Amino acid sequence: MNRSAARTGLACSILGLLPFTPAGAADREMAPIIVTASRTAETADETLASVTVIDRETIEKSQATDITELLIGIAGINLSANGGDGKNKSLFLRGTNSNHTLLLIDGIRIGSATLGSPSWSLIPLHDIERIEVVRGPRSSLYGSDAIGGVIQIFTRKGGEGLRTSTEAGYGTDNHYKLEGSLSYGNESSRFRLAISKEETDGYDVRPAIEQDDDGFDSLGINGSFSHKFTDRLELSGNILRSDGENEFDGNSFSGNLTEFIQQSAGLALTADVTDGWKSTLRFGESRDFSKNFFNDTFVNKFDTQRRQIAWENSIDLNDSNQIVAGVDYYKDEINATTDYAETERDNKALFGQYRYFGERHDLQLGLRYDDNEQFGDQTTGNIAWGMEVMENLRFTASAGTAFKAPTFNDLYWPSSPWSSGNPDLVPEKSRSYELGLSGQHAGVHWSARTYRSNIKNLINWACTDLCTDSDPFNDFWQPSNVD
């Protein structure tokens, strides 16, 4: 019998302050367009999910230095940090683990195949247009990792005409930023190129280990283009890259300096096949690279790459019925100095979703089948229902399942006197339920949600029965599914 890890919570949020207008069509026109909750465009008041949208204006007003600072205060999100700029930071969505939130950048999955979670603090904030936070399980649309929810980052694109911009900033700890961009656009083509440079001496995070400042420097590049061949066919592409060095307090095993690269690149061909059928073929690659040193002596290297292909289709059967369906494929590859028993795996998936938009009632049904080369197949689903209780007051109810695949570290970390992976691990699985109430009154959008998530087969790295000596170098660590 598997022990379940239960997460129960109540989340309340004010979605935004808007000038007061009469209820009806005007309210819907002001609602932001989102795509993450259902893999197709819909307004925030149409979605049945719990969603927060952070636009460019909000990003600029926040004065945040990285994405985690920007997300502080968002309902359902908790954060922890191991230091300042560039240091390891963890995000917890709805009480789930830090590796239970899927991160997308312009539709491309981001994260380390060895660690199982993204490096949030290494993603440059300067050229982000908006962020969509979707709370609740979304494995029925995206597969592994989306137990707590999905966060998608959309980078800035070129606009009409020729535009340039420059920014500079300086602060304590000899911290400076330089940013510049160039963009151009006309009726058929657009492009944008932006470069940012950031460097700081940092401060001493753990003086008891090493008495020195822990600096950080990075170079960020964001490029994008789009071209409309016709009114119905468009090609677009983007790349977001950050590379640099990150100092931290460590030892000869972990190192105290990391050379890193975080990169996401994608190419998409979008066609309006008919007036009600939009089809997108997307190719992408993400990379998580780190090379670690201790006092200039090489320690280890981890380089993970994920190549991705997706075919997405949104079909409007009529004004009230819509189908979203497609195929996902991605392949993880590892190049590391650590000798893993397996260094690659692929995942193939089919997904489908049905949406009904009624005058008072809305319905969403989703189903996805994943076939993973390492641990077999997984089937996940979701159901959500919404009802307009009265004007400007809506009730929602939903249930969904999700899963998290074991990482390469979990499965294949080489056996040593101190630790070993476990190739017999199975994926973590969750089942979630949610009730919500939302509305708009006097120009204020508000939402309240209560939810419960049960997670079984949690993967836990723990010290085995051999850990009886007070000397930590005699301890032996290995992951297992919690029974």
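Predicted model: local features only at pLDDT ≥ 70, side-chain atom pairs only at ≥ 80, totals over all residues.
**Exercise 1. Salt bridges between strands**

Find how many salt bridges the structure holds, then work through three of them.

*Solution.* Here is the idea to start from: side chains of opposite charge can pair when their charged atoms come close. The structure holds 30 salt bridges.

Step 1: take R355 and E42. Their closest N and O atoms are 2.8 Å apart. R355 belongs to strand β20 and E42 to strand β3 (residues 42-43), so this pair links distant parts of the chain, 313 residues apart. Both R355 and E42 are buried.

Step 2: move on to D332 and R306, whose closest N and O atoms are 2.6 Å apart in a salt bridge. Because D332 lies in strand β19 and R306 in strand β18 (residues 297-316), the pair ties together parts that are 26 residues apart in sequence. Now check burial, for which the cut-off is under 20% relative accessible area. D332 has 1% relative accessibility, so D332 counts as buried. R306 has 8%, so R306 counts as buried too.

Step 3: E333 is partly exposed, with a relative accessible area of 23%, and R307 is partly exposed at 37%.

Step 4: look for a network. Salt bridges that share partners join R39, R282, E312, D328, R368 and D370 into one network.

**Exercise 2. Rings that meet**

Count the aromatic pairs and decide how the rings of two of them are arranged.

*Solution.* Ring centres within 6.5 Å make a pair, and planes over 60 degrees apart make it edge-to-face. By this rule there are seven aromatic pairs.

Step 1: in the pair F293 and F298, the ring centres are 6.0 Å apart and the planes stand at 75 degrees, so the pair is edge-to-face. F293 is buried, with a relative accessible area of 16%, whereas F298 is partly exposed at 40%.

Step 2: Y340 and W413 are also edge-to-face, at 6.1 Å centre to centre and 80 degrees between the planes. Y340 sits in the loop between β19 (321-336) and β20 (344-357), and W413 in the loop between α5 (408-412) and β24 (428-441); the pair links parts 73 residues apart. Y340 counts as buried at 5% relative accessibility, while W413 is partly exposed at 23%.

Step 3: widen the view. Ring pairs link F302, Y340 and W413 into a cluster.

Step 4: look for charges over rings. The charged end of R94 sits over the ring of Y451, 4.2 Å from its centre. R130 lies over the face of F154, at 3.9 Å from the ring centre.

**Exercise 3. Inside the nonpolar core**

Which residues have the most contacts inside the largest nonpolar core?

*Solution.* This core has 22 residues, and those with the most contacts inside it are I67, L71, I77, I131, I151 and I153. At least two residues of the core come from each of α3 (67-71), β6, β7, β9 (128-135) and β10 (149-155). Now zoom in on I77: leaving aside neighbours within four places in sequence, I77 is in contact with L71, L91, F92, L93, V133 and I151. A second, separate core of nine residues includes F408, L411, Y412 and I459.

**Exercise 4. A strand residue**

Is T101 buried or exposed?

*Solution.* T101 is in strand β7 (residues 101-105). At 3% relative accessibility, T101 counts as buried. Beyond its neighbours within four places in sequence, T101 is in contact with L91, L93, D145, G149 and I151.

Technical notes: Residues numbered from 1 in each chain as written. Heavy atoms only, no water. Phe/Tyr/Trp six-rings, centres within 6.5 Å; stacked < 30°, edge-to-face > 60°. Buried < 20%, exposed > 50% of the residue type's maximum accessible area, 1.4 Å probe, protein only. Helix = DSSP H or I, 4+ residues; strand = E, 2+ residues; numbered from the N terminus. Lys NZ or Arg CZ within 6 Å of the ring centre and 35° of its normal. Contact = heavy atoms within 4.5 Å. Core = buried A, V, L, I, M, F, W, Y, C linked by side-chain atoms within 4.5 Å. Salt bridge = Lys/Arg side-chain N within 4 Å of Asp/Glu carboxyl O.
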